[in-house]
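Please find below a colleague's note on the structure shown here. The points run from overall form to individual side-chain contacts.

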Amino acid sequence: MSQHGAALQSYNQELVKCLEEMKMRRTELQAQIESQEEEKNYLQREIEKLSHKLTRVNDSLTKRIAVRNEYDRTITDTETAYVKVDLLFSFTLNEI
């Protein structure tokens, strides 16, 4: 019976040792999880900042493109009118 008691005591000690090792690994894993959660939160904040910045740039770009298109229309209209005036002026000079 004392052999069984000694074996049981040995198994008990081994079980306690395994539990302590598992607790240590869990603690290390928890530290890794917390570190990654902090990194994730940081990255989410950065994504939000960049998303707002992208929205502002897109808005500005849209406005600038609209102004440029208006310049293009004005230039085209002015050039067309100038060609007509020039033709009329040339025709008038030839008639004189």
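1. Helices (H or I, at least four residues) and strands (E, at least two) are DSSP runs, numbered from the N terminus. On that basis the protein comes to 1 helix and 0 strands. Its radius of gyration, taken over C-alpha atoms, is 41 Å, well over the 12 Å given for 96 residues by the globule rule (2.2 Å times the number of residues to the power 0.38), so the protein is more spread out than a compact globule. The C-alpha trace spans about 140 × 15 × 10 Å along its principal axes.

2. This is a predicted model, in which local features need pLDDT of at least 70 and side-chain atom pairs count only at pLDDT 80 or more, while totals for chains, interfaces and linings use all residues. Residues are numbered from 1 along each chain as its sequence is written, and side-chain values use heavy atoms, with hydrogens and water left out.

3. UniProt, in an unreviewed entry, lists residues 12-53 as "coiled-coil region"; such annotations may be inferred rather than shown by experiment, and the positions follow the numbering used here, with feature names shortened. In the model, residues 12-53 are 100% helix and 0% strand, with the end C-alpha atoms 61 Å apart.

4. The protein exposes about 9500 Å² (Shrake-Rupley method, 1.4 Å probe), of which carbon and sulfur atoms supply 59%.

5. Leu15, Leu19 and Met22 make a nonpolar surface patch of about 300 Å². Patch members have over 30% relative accessible area and no salt bridge; nonpolar side chains (Val, Leu, Ile, Met, Phe, Trp, Tyr) are joined within 5 Å, and like charges within 9 Å. Leucine 15 lies in helix H1 (residues 2-95).

6. How many salt bridges does the count come to? With a side-chain nitrogen of Lys or Arg required within 4 Å of a carboxyl oxygen of Asp or Glu, there are 3 salt bridges. Arginine 25 pairs with glutamate 21, the closest N and O atoms being 2.6 Å apart. These two residues are 4 residues apart in helix H1, about one helical turn. Arginine 25 is exposed at 53% relative accessible area, whereas glutamate 21 is partly exposed at 35%.

7. Lysine 49 forms a salt bridge with glutamate 46, with closest N and O atoms 3.4 Å apart. Lysine 49 is exposed at 53% relative accessibility; glutamate 46 is partly exposed at 24%. Glutamate 70 and arginine 73 also meet in a salt bridge (2.8 Å, N to O), and both lie in helix H1, 3 residues apart.

Terms used: Buried < 20%, exposed > 50% of the residue type's maximum accessible area, 1.4 Å probe, protein only.
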